[in-house]
Amino acid sequence: ISAVGRAVCENNIDVVRYLLKRCRASPDSRDHEGATPFIMACVKGYVEAARALAEAGANVLATTSRGCS
């Protein structure tokens, strides 16, 4: 799991924004199941994190390796 993915899982929006803006981390990194941070945020209901990822250019139509979105 990427640093952005970890920050999303912990719902740490400040770290998510920092990684995306200051560190230029990819908003589309994937975990071992193919889930992106955007998918993780949506599944967990973390609207603010999902919004920050979308604004950073995350692929909002991405699916996991199993085809889930």
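Colleague: Which residues does Thr-36 touch, not counting residues up to four places away in sequence?

Modeller: Keep in mind that this is a predicted model. Thr-36 sits in the loop between α2 and α3 (37-44). Leaving out residues up to four places away in sequence, the residues that Thr-36 touches are Asp-28, Ser-29, Arg-30 and Ala-62.

Colleague: Thanks! Is Thr-36 buried or exposed?

Modeller: The cut-off for buried is under 20% relative accessible area. Thr-36 has 1% relative accessibility, so Thr-36 counts as buried.

Colleague: And Thr-64, which residues does that one touch, again not counting residues up to four places away in sequence?

Modeller: Happy to look there. Thr-64 lies in the segment after α4, and its relative accessible area of 15% makes it buried. With residues up to four places away in sequence set aside, its contacts are Arg-30, Glu-33, Gly-34, Ala-35 and Ile-39.

Colleague: How many charged residues are in the lining of the largest pocket?

Modeller: Asp, Glu, Lys and Arg count as charged. Beside five nonpolar and two polar residues, the lining has charged residues numbering four.

Colleague: Let's turn to salt bridges. Which residue forms a salt bridge with Glu-48?

Modeller: Side chains of opposite charge can pair when their charged atoms come close. The cut-off for a salt bridge is within 4 Å, and here the closest N and O atoms are 3.1 Å apart. The count for the model is one salt bridge, and the partner of Glu-48 in it is Arg-17.

Colleague: How many residues apart in sequence are the parts that this pair ties together?

Modeller: Arg-17 belongs to helix α2 (residues 13-21) and Glu-48 to helix α4 (residues 47-55). Both residues are partly exposed, with Arg-17 at 32% and Glu-48 at 40%. Because the two residues lie in these helices, the pair ties together parts whose separation in sequence is 31 residues.

Colleague: One last thing: how far apart in space are Ala-7 and Ala-49, C-alpha to C-alpha?

Modeller: Ala-7 lies in helix α1 (residues 3-9) and is buried, with a relative accessible area of 3%. Among the residues Ala-7 touches are Val-15, Val-16 and Leu-19. Ala-7 and Ala-49 are 42 residues apart in sequence, and their C-alpha to C-alpha distance is 9.1 Å.

Methods:
Residues numbered from 1 in each chain as written. Predicted model: local features only at pLDDT ≥ 70, side-chain atom pairs only at ≥ 80, totals over all residues. Heavy atoms only, no water. Salt bridge = Lys/Arg side-chain N within 4 Å of Asp/Glu carboxyl O. Helix = DSSP H or I, 4+ residues; strand = E, 2+ residues; numbered from the N terminus. Buried < 20%, exposed > 50% of the residue type's maximum accessible area, 1.4 Å probe, protein only. Contact = heavy atoms within 4.5 Å.
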